[in-house]
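Here are my notes on the model you sent over. Have the structure open while you go through the points.

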Amino acid sequence: MGRQKKSTFSGTCKICSSIPTINSHLIPEAFVKEIFFHPKADEKHMLVHNDKGVKLQSNTGRYAPDLLCGKCDGILGKYEESALALLKQLRLVKIGTKTGTTSHINSGTYRFRVEKVDDFVRFACGILWKYASLPEDNPSVIKVGHFRESLELVCFHDAPVPSTIDVFLERDLLSVSAFDDPHDVFYYVTPSVDVVDDRRMIWFSVGGFIIYVKLDNGEPSDFAPSVCWMRGRKKCHFNVSMRALHTNTGIVESIHTARDDLARLNRKILLPQRGVR
Ligand SMILES: [Zn+2]
């Protein structure tokens, strides 16, 4: 996964204090490359934070130097690989019908199994830990307060997932309905923190799904049907709800903001017509 590129900085690993650190991809490179039309054609993409007026060109996604050594980054890599395979498999689940530009979505919960309990929860925690560990002035940083420590224990030290933390998956319906092939992936969304029902809920989007992570105390909220919460389960369910269209509504604006840049950056690559309808 291209993980062994040494960082040009001289910090120590935030987990084991060893040197050197490497450039750790924030969103794993394999998830970033899923959005490319031609994985080998050196396609470029844009990272857009409309709320912060930030627009950045990217090749394989942003990475952080001075965060992790190769060994500790590899611990997350294991969870990332299994999450990539799982989401690829779940994207093939038929959740409705599509004729031309008209989609009919069957809302509800869809059953699936995971090979190892909590591996996906640990994957989600790893992504949040990286974004929570960025310098304050990084436009992608998220603030999770003392929960950063819990995330660290779960994703680097194999600690049991505490009852405060839980995760559920929701199919990204914008991706399903707005583009030609519902099984393909067209964008990813870096983590955002929101407060839902007085609880901190963090969401990000990769592999055609929105991944919601709950960090605060208490039982899981009714934000998802109770069967969808994944902690401690082998038999799982993902959610299909029209709400997903609202969650990723900012994407439409970002695609428009980046449209000209993408055409300019990739002019040597013949891109099929792609757009939001
Ligand atoms: Zn380390």
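1. Start with the helix pair: Arg122, Cys125, Gly126, Leu128, Trp129 and Ala132 of H3 meet Arg148, Leu151, Glu152, Val154 and Cys155 of H4. Contact here is C-beta atoms, placed from the backbone, within 7 Å. Helices are DSSP runs (H or I, at least four residues), strands likewise (E, at least two), numbered from the N terminus.

2. Some housekeeping. This is a predicted model, where local features need pLDDT of at least 70, side-chain atom pairs count only at pLDDT 80 or more, and totals for chains, interfaces and linings use all residues. Numbering runs from 1 along each chain as its sequence is written.

3. Back to the pair: the axes of H3 and H4 (residues 147-156) come within 9 Å and cross at roughly 135°. Axes are lines fitted to C-alpha atoms, for helices over the stretch in contact, with angles from 0 to 180 degrees between N-to-C directions. H3 and H4 are therefore oblique to each other (under 35 degrees is roughly parallel, over 145 roughly antiparallel, 65 to 115 roughly perpendicular, the rest oblique).

4. Leaving aside neighbours within four places in sequence, alanine 124 is in contact with Val167, Ile211 and Val213.

5. Isoleucine 19 and proline 20 are joined by a cis peptide bond, omega about 0°, and proline 20 is in the segment before E1. Serine 17, also in the segment before E1, has a positive phi near 65° despite not being glycine.

6. Aspartate 158 has a positive phi too, near 55°, and lies in the loop between H4 and strand E8 (166-171).

Key. Contact = placed C-beta atoms within 7 Å.
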